[in-house]
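Open the model in your viewer and keep the selection tool at hand. Each stop below says what to select and what is there.

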Amino acid sequence: MILEFHEILCIGMFAGFIALLFTGFPVAWVLGGVAVLTAAAAAFIFPEQLADGFYGMKFSDLGATVPRIWSIMQNWVLVALPMFVFMGLMLDRSGIAGALMENFVKVLGRAPGGLAVTVALIGLLLAASTGIIGASVVLLALLGLPIMLRNGYSPVFASGTISAVGTLGILIPPSIMLVLMADRTPGVDAGGLFMGALVPGVMLGVIYVGYMLAVGVLSPRTAPVPADARRLELRDLAGVFRAVLPPGLLILAVLGSIFAGLATPTEAAGVGAFGATLLALLHRKLSVGVVREVCEQTTKTTAFIFAIFIGATAFSFVFQALGGEDFIHHGLKSLPFTDDGILIAVLVLIFVLGFFLDWIEITLIVLPLVAPVIAGLDVGPADAGARMIWFVVLVAVCLQTSFLTPPVGFALFYLKGVAPAGVTVAHIYKGVVPFILLQLGGLVLVYLFPALATWLPEQAYGG
């Protein structure tokens, strides 16, 4: 196949973007810079090569990105982002995770792989409460990793458990990734996507727990029962109930209000932020310094995300002006595959990109390009709305692996930053391999059984 010149420029945009990521420049600057340089090349260096084709642009056309950026800033759904970030950071300071760890260990300590299962259950609660990977991984590492290592757990198994469980927060709602995905995918709303991702997210957590129990039974040297584990007492169960109740009520307030139709995700995010602050107050962890620190970190995280929004908007505009969207569409449709084969090829592409790109770049750049193609395929559910929820959930499960795959696996970096001296990078890399395979297994299950992602939204919307 002979490529047109505008198609060569589109390929060059993506290649240049990926190459410049390794220079260490901020992603937002890389996206915007590649867009500006490509627009300048199209307008001043190669205007004659583009003159004979339908695609081309003048440098002044970049001004059209301003109203696009303005429309993003007016998007009511994105108001939920800073509030969900605030909620997660405030919960991180509230001391709830420490109480959960202390009480769960008393109940599950005698079970095979019980300490790992404890970490998984706490991770599930944190995932449904915070949705922030960095906070979850660091908190679980500080609380759970020393206990597991002290009781003879393999550093490989322990580090893999912490890394994988910490990533559940990006899939289980409320998740900032799901909010961005809903905003970038036409026909998908955040509430419906929250419902669609809930069952696959919990299912993945259950798969993790099953694997941990199997390791504890089949390889007791890898995950031994603690020597000082005592018999379960009734007061231990009462302690677990008291520890689970506060985050459980917060989860019910946030997700329950969305699923019951009482609040939009944006309004529920406000409820969550207030609830997390109240929990910190009740645990006597709230102070002026804590509030200042949480607000500063929330501002930095939100600014980072919206800066990438601005760069991605410029990148997408130039890419579309040069016919990149049509190039992707025709390229995928021309693959010698069935419709299901095209979908699998897209998921494989996203999985591979996850080795090099962060989930934000993939969500803001790749997802809007491939979603229209999938919408026109005869795959999955017959209903178009359900099909898109199913597809976005598939992408979300696939992107969860990007936190565990080197060289850009952020969960690996977070863990290494707080891990004890005896835990090496090799331990962490080896430890995440089984969990990446489990995540891919979960992806296959959602692909084979679309109802895992569509049943709950259908029940809520009466579809």
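Contact here means heavy atoms within 4.5 Å. This is a predicted model, in which local features need pLDDT of at least 70 and side-chain atom pairs count only at pLDDT 80 or more, while totals for chains, interfaces and linings use all residues. Residues are numbered from 1 along each chain as its sequence is written, and side-chain values use heavy atoms, with hydrogens and water left out.

**Stop 1: the core**

Select F391. Leaving aside neighbours within four places in sequence, F391 is in contact with L343, V346, L367, V370, A371 and I374. In the largest nonpolar core, which has 158 residues, M181 and F391 touch the most other members. A nonpolar core is a set of buried Ala, Val, Leu, Ile, Met, Phe, Trp, Tyr and Cys residues joined through side-chain atoms within 4.5 Å. Buried means under 20% relative accessible area, exposed over 50%, and partly exposed in between, with a 1.4 Å probe and protein chains only. In soluble globular proteins, nonpolar side chains tend to be buried together.

**Stop 2: α10 on α18**

Select residues 176-184 for helix α10 and residues 384-400 for helix α18. Helices (H or I, at least four residues) are DSSP runs, numbered from the N terminus. Two packed helices are described by the angle between their axes and the distance between the axes. The axes of α10 and α18 are 11 Å apart, and the packing angle is about 140°. That makes α10 oblique to α18. Axes are lines fitted to C-alpha atoms, for helices over the stretch in contact, and angles run from 0 to 180 degrees between N-to-C directions. Angles under 35 degrees count as roughly parallel, over 145 as roughly antiparallel, 65 to 115 as roughly perpendicular, and the rest as oblique.

Show the side chains. From α10, M177, L178 and M181 meet V392, V395, A396 and L399 of α18. By class, this contact of α10 with α18 has seven nonpolar residues, no polar and no charged ones. Ala, Val, Leu, Ile, Met, Phe, Trp, Tyr, Cys and Pro count as nonpolar, Asp, Glu, Lys and Arg as charged, and the others, Gly among them, as polar. The crossing of α10 and α18 is right-handed, meaning that the near helix is turned clockwise from the far one by less than a right angle.

**Stop 3: α11 on α20**

Select residues 190-218 (α11) and 425-448 (α20). Their axes come within 10 Å and cross at roughly 135°. The two helices are therefore oblique to each other. α11 passes α20 in a right-handed crossing. On the α11 side, the contact is made by P200, M203, L204, I207, Y208, Y211 and M212. On the α20 side, look for P434, F435, L438, Q439, G442, L445 and V446. The contact of α11 with α20 has 12 nonpolar, two polar and no charged residues.

**Stop 4: α5 on α14**

Select residues 80-94 for helix α5 and residues 288-321 for α14. How far apart are the axes of α5 and α14? They are 9 Å apart, at an angle of about 140°. So α5 and α14 are oblique to each other. Their crossing is right-handed. Contact residues of α5 include L81, F86 and R93, and those of α14 include E293, T301 and F306. By class, the contact of α5 with α14 divides into 11 nonpolar, four polar and two charged residues.

**Stop 5**

Go to T118 in helix α7 (residues 114-127). T118 is buried, with a relative accessible area of 1%. Beyond four places in sequence, T118 is in contact with M101, F104, V105 and L108.

Next, select I162 in helix α9 (residues 155-166). I162 is buried at 0% relative accessibility. Not counting residues up to four places away, I162 touches V119, V137, L140, A141, L145, M148 and L415. The C-alpha atoms of I162 and L145 are separated by 7.3 Å.

Then select E361 in helix α17 (residues 359-375). Is E361 buried or exposed? E361 is buried, with a relative accessible area of 3%. Outside four places in sequence, E361 touches F17, V27, I308 and V366.

**Stop 6: two backbone details**

Most residues other than glycine have a negative phi, and most peptide bonds are trans. Select P173 and P174: the peptide bond between them is cis, with omega near 0°. P174 lies in the loop between α9 and α10.

Finish at R284, in the loop between α13 (265-282) and α14. R284 is not a glycine, yet has a positive phi of about 60°. R284 is exposed, at 78% relative accessibility.
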